[in-house]
Amino acid sequence: NFGFLRYGMMGMNEERTAMTKSSGPPPATTPAWPRLNHGERETLREVLIHGPLPRAEIARRLGVSRASLTRVTRSLLEHGLIIEGATEQRAWTGRPSELFDITPTARHFFGVKLTGDTIFAAVIDLGAHEVATVEEALTSRDVADVVKRIAAIYTELSGAFDDIVAGGVCVAGDLTQDRKVVVGSPFLGWEGVPLATILTDE
């Protein structure tokens, strides 16, 4: 079984920003992931999975009024997470509808899969497309060594993608319910490893 562990990027981002500040002028602010309410998250999920979609179809799927959805989509548009542009004639008669779609380049995410002998890493855009990948042999299963390699790969990839806002690690084994601690991973020989905390601090 593979468990998916989520962790924050704060430690890595702070370290990179501090290095940049010490060697030159202040860098441009990397857009963080915005705080979305329930309606915004649900709308974004519908567009990601089923889009492009017109406003009326999204409202129907979520069981909300078009007026309510208009407020939600306005917020997502302001955050740059979705775009509105293409039109589609949904029926033989009636006015064409503008479609909402994901803005793939709005944010990026960092993902890692650990097996007993390999690290697979990738940067994924908001449209769930792989835009960069790294694969390397796992020369040591020691937790500190593995975390060091993950951090090094992240540093390499974040040089090209400075808007990575979240990360996750897929581990062969069992995790706690909050997906922060590796309870046991036979392939890696790990037990009770608070990997999410270690990676966030790194």
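Modeller: Helices α3 and α4 are roughly perpendicular to each other, a term that covers angles of 65 to 115 degrees, whereas angles under 35 count as roughly parallel, those over 145 as roughly antiparallel and the rest as oblique. The two helices pack at an angle of about 110°, and their axes are 9 Å apart. Such axes are lines fitted to C-alpha atoms, for helices over the stretch in contact, and the angles run from 0 to 180 degrees between N-to-C directions. From α3, the residues that take part are Arg55, Ala56, Ile58, Ala59 and Leu62, and from α4 they are Arg66, Leu69, Thr70 and Thr73; contact here means heavy atoms within 4.5 Å. By class, this contact has five nonpolar, two polar and two charged residues. Nonpolar stands for Ala, Val, Leu, Ile, Met, Phe, Trp, Tyr, Cys and Pro, charged for Asp, Glu, Lys and Arg, and polar for the others, Gly among them.

Some notes on the basis of this description are needed. The model is a predicted one, in which local features need pLDDT of at least 70 and side-chain atom pairs count only at pLDDT 80 or more, while totals for chains, interfaces and linings use all residues. Residues are numbered from 1 along each chain as its sequence is written, and side-chain values use heavy atoms, with hydrogens and water left out. Helices (H or I, at least four residues) and strands (E, at least two) are DSSP runs, numbered from the N terminus.

Helix α3 spans residues 55-62, and its buried residues are Arg55, Glu57, Ile58 and Ala59. Buried means under 20% relative accessible area, exposed over 50%, and partly exposed in between, with a 1.4 Å probe and protein chains only. After α3 comes glycine 63, which has a positive phi near 70°.

Helix α4 (residues 66-78) also meets helix α2 (residues 38-50): their axes come within 9 Å and cross at roughly 75°. This pair, too, is therefore roughly perpendicular. Gly39, Glu40, Thr43 and Leu44 of α2 make the contact with Leu69, Val72, Thr73, Ser75 and Leu76 of α4. These residues divide into four nonpolar, four polar and one charged.

Threonine 43, which belongs to α2, deserves attention. Threonine 43 counts as buried because its relative accessibility is 1%. Its contacts, leaving aside neighbours within four places in sequence, are Ile58, Leu62, Leu69, Val72, Thr73 and Leu76.

In the loop between α1 and α2 lies alanine 32, which is exposed, with a relative accessible area of 56%. Not counting residues up to four places away in sequence, alanine 32 touches Arg107 and Val165.

Of its 202 residues, 39% count as buried.

The mean pLDDT of the protein is 82, and 80% of its residues reach 70 or more; pLDDT is the predictor's confidence in each residue, from 0 to 100. The pLDDT is below 50 over residues 7-28. Where pLDDT is low, the predicted coordinates should not be read in detail.
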